[in-house]
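Hi everyone, thanks for coming. Let's have the structure up on the screen, and then I'll walk you through a couple of spots in it.

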Amino acid sequence: VIDVMRGGPSTGIPTKSEQADFNLAVFGLHGDAPHVVIAALDIGDCVLAGAWATHLAETLQTLVIVLSDQFLGQSEAIIDAPPAHAFAAHRLRADVVATGTYFRYLDTDTGVSPMALPGQAHGMYTADGLEHNQLGTPSPRASDHLQQLDKRARKLQRFDFGENWGEVDGAGETVVLCWGAVSAAASEARALLLENGLEIKLIRLRLLHPLPVAALQRHLDGVRRIMVIE
């Protein structure tokens with residue numbers, strides 16, 4: 001899902017950028033539905049963010065929300081060709097089911113269940129919006145509900161998001177932390193400060209949810225001041 005944010009309401013200042021959908025994207029969904037939220041850092045990064053989002057949605061079989069904004073959505077720029085990223089969509093496929101029962105929502109270690117291809121022999125299953133058991137059959141049982149809750153949460157808890165969580169530039173005891181289109185202004189500010197002999201570390205987050213806490217902690221070691229720019 002691509003969310004290009006702007007100022008609102010529609011009769012107000014719709015030609016201005018805003019980051020006001022952050023809370024809605026991260027916290028506004030049902031509590032039983034873990035999901036991923038990422039944000040493009042600049043116009044060129046929209047290519048990477050879009051490709052990565054597709055990869056994550058296919059690999060994790062979960063909702064991925066990509067946050068952009070009016071500044072990125074309605075700007076034109078000459079950019080370098082984005083690097084080639086190996087984000088081939090990887091969907092975990094089910095083996096051909098010979099005769100037995102196909103468990104579409106099998107409780108696996110990773111939380112991701114093998115998916116049968118359309119038309120695959122013995123691979124039919126029920127798909128709806130109700131809580132279900134491993135077969136996909138709607139079920140109100142507490143045991144099935146807890147099993148599927150834990151399974152969905154496990155997808156994000158055990159997945160390695162790699163190094164695409166953000167971009168880090170510079171060093172120093174002061175960190176500027178930002179995300180989205182603000183990153184361009186923050187990068188320019190860092191360059192100007194560097195010209196005047198002041199070194200700061202700039203952290204631009206691409207992965208907003210789940211927050212890459214371990215990665216952030218590594219880059220915040222020894223930092224004395226953090227400035228969050230929104």
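So, Lys201 sits in strand 6, residues 201-205; strands here are DSSP runs of E, at least two residues long, and helices are runs of H or I, at least four, all numbered from the N terminus. Quick note: this is a predicted model, where local features need pLDDT of at least 70 and side-chain atom pairs count only at 80 or more, while totals for chains, interfaces and linings use all residues. Residues are numbered from 1 along each chain as its sequence is written, and side-chain values use heavy atoms, with hydrogens and water left out.

Is Lys201 buried or exposed? Lys201 is buried, meaning under 20% relative accessible area with a 1.4 Å probe, protein chains only. Beyond four places in sequence, the contacts of Lys201 include Asp169, Thr174 and His219, with contact meaning heavy atoms within 4.5 Å.

Now over to strand 3. Six of the six residues in strand 3, 64-69, are buried, so the rest of the structure largely encloses it. Val64, Val66 and Ser68 point one way, and Ile65, Leu67 and Asp69 the other.

What pairs with strand 3? Strand 1, residues 2-5, runs parallel to it over four bridges, pairing being at least two DSSP bridges, and Val4 stands opposite Ser68. Strand 2, residues 36-39, is also parallel to strand 3, again with four bridges.

Technical notes. Buried means under 20% relative accessible area, exposed over 50%, partly exposed in between (1.4 Å probe, protein chains only). Lys and Arg count as positive and Asp and Glu as negative; His and the chain ends are not counted. A salt bridge is a side-chain nitrogen of Lys or Arg within 4 Å of a carboxyl oxygen of Asp or Glu.
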